[in-house]
Amino acid sequence: GGEGHALRDGGFSFDGPFGAFHQGQLQRGYKVYREVCASCHSMDLMHFRTLAEPGGPFYDSHQASPAENRFVRALSKEFQIPDIDTETGEPIMRDGTPADRFPHPYPNATAAAAANGGAAPPDLSVMAKARHGGANYIYSLLTGYKAPPAGLQMRPGQNYNEYMAGDLSPFWTGDADHVPPGGFIAMPDPLRAGQVTYDDGTVASVDQMAKDVAAYIAWASDPKQVQRKQTGVGVLIFLFLFAGVTYLSYRRIWKGVA
Ligand code: HEM
């Protein structure tokens with residue numbers, strides 16, 4: 001199955017102990033999520049204001065607070081949010097605000113599954129933590145759709161993907177020692193070149209969009225990651241200096257002592 005098939009490496013800026021998210025990439029990734037993935041996938045843990053928190057795609061130190069961030073206010077307003085009219089008690093739709101959660105694409109899980117051949121699209125809030133390989137996995141999956149190898153019996157509503165976990169041996173009519181890597185996935189290949197228009201002029205190739213949306217989901221899965229790494233670096237600097245001071249005072253105390 002999928003295991004053993006090495007993931008593609010997105011070369012992400014946030015890899016490693018000193019890595020950080022690239023804000024331009026997070027903005028592009030949010031755009032791909034909103035214009036492509038959000039029609040099927042929820043992100044339950046995200047509020048619009050989260051996008052404007054420090055380290056987030058639309059953080060701007062010149063704006064008073066995430067809830068006041070002008071860009072995020074404008075962006076949340078593009079959504080209609082179900083609510084209750086406080087005066088009449090009637091259900092209404094109103095403009096979104098930074099305090100709102102990202103709305104759901106489907107009214108409930110049954111509708112989500114029904115619209116997707118029985119497999120409900122999973123919530124993407126913490127998808128980079130939920131799957132081994134994190135951003136590299138998401139990047140690989142989105143670029144891993146291939147024509148099914150000859151000898152693989154496809155099932156209706158399923159697509160072949162080199163990186164999806166699974167065991168294809170029951171569907172493989174070829175050489176038993178060469179079962180194709182990967183598995184079946186109900187999600188159709190979601191990305192087409194030029195599908196979004198990036199505001200920064202970056203060319204929207206499939207590879208680029210896959211990387212950007214993977215970076216955005218990695219950030220959403222752990223928005224405090226960079227803050228934590230920076231704290232860690234501060235702690236290391238402190239420990240280094242403290243070790244120096246300790247050593248010097250040791251030398252001084254024992255100076256002249258045989
Ligand atoms: C599954 C990401 C667009 C429908 C998934 C999974 C990821 C993902 C990471 C989990 C795969 C796994 O189980 O390991 C994305 C991203 C998208 C996107 C980043 C946008 C670029 C879409 C769209 C649809 C869709 C537009 C609907 C037309 C599904 C379904 C599944 C799924 C039905 C469940 C597949 C299964 O379990 O067989 N997606 N997706 N996705 N996605 Fe998407």
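Trainee: Which helix does K31 lie in?

Mentor: K31 lies in helix α1. Before going further, bear in mind that this is a predicted model, where local features need pLDDT of at least 70 and side-chain atom pairs count only at pLDDT 80 or more, while totals for chains, interfaces and linings use all residues. Numbering runs from 1 along each chain as its sequence is written, and side-chain values use heavy atoms, with hydrogens and water left out.

Helices here are DSSP runs of H or I with at least four residues, strands are E runs of at least two, and both are numbered from the N terminus. K31 counts as buried because its relative accessible area is 18%; the cut-offs are under 20% for buried, over 50% for exposed and partly exposed in between, using a 1.4 Å probe and protein chains only. Not counting residues up to four places away in sequence, K31 touches V196, T197 and D199, contact meaning heavy atoms within 4.5 Å.

A nonpolar core is a set of buried Ala, Val, Leu, Ile, Met, Phe, Trp, Tyr and Cys residues joined through side-chain atoms within 4.5 Å. This core has 46 residues, and Y30, V32, L51, F102 and Y216 touch the most other members. The top contributor is α6, with ten residues. Leaving aside neighbours within four places in sequence, the contacts of F102 include Y30, Y33, L51 and Y216. There's a second, separate core of five residues too, with L152, L168, W172 and F184 among them.

Helices α5 (134-142) and α6 (206-221) turn up again in the lining of the largest pocket, each supplying at least two residues. α5 gives the most, with four. The pocket holds about 860 Å³ of space. Of its 35 lining residues, Y137, L141, M164, I185 and M187 are the closest to the centre. On a 1 Å grid over the protein atoms alone, a pocket is an open set of points where a 1.4 Å probe fits, with protein on both sides within 12 Å along at least five of seven lines, and lining residues have an atom within 4 Å of a point. The lining splits into 25 nonpolar, seven polar and three charged residues.

Now for the loops. P121 sits between α3 (109-114) and α4, and counts as buried because its relative accessibility is 17%. Beyond neighbours within four places in sequence, P121 is in contact with C40, H41, Y106, A112 and N116. Its C-alpha atom is 8.1 Å from that of S42, 79 residues apart along the chain. T86, in the loop between β1 and β2, counts as exposed because its relative accessibility is 80%.

Q80 has D95 as its bridge partner, and D83 stands opposite I92. Six residues lie between the strands of this hairpin, and G89 takes a positive phi near 75°.

Conventions: Grid points are joined across faces, edges and corners, and a volume is the space filled by probe spheres set on the points. Ala, Val, Leu, Ile, Met, Phe, Trp, Tyr, Cys and Pro count as nonpolar, Asp, Glu, Lys and Arg as charged, and the others, Gly among them, as polar. Two strands pair if DSSP finds at least two bridges between them.
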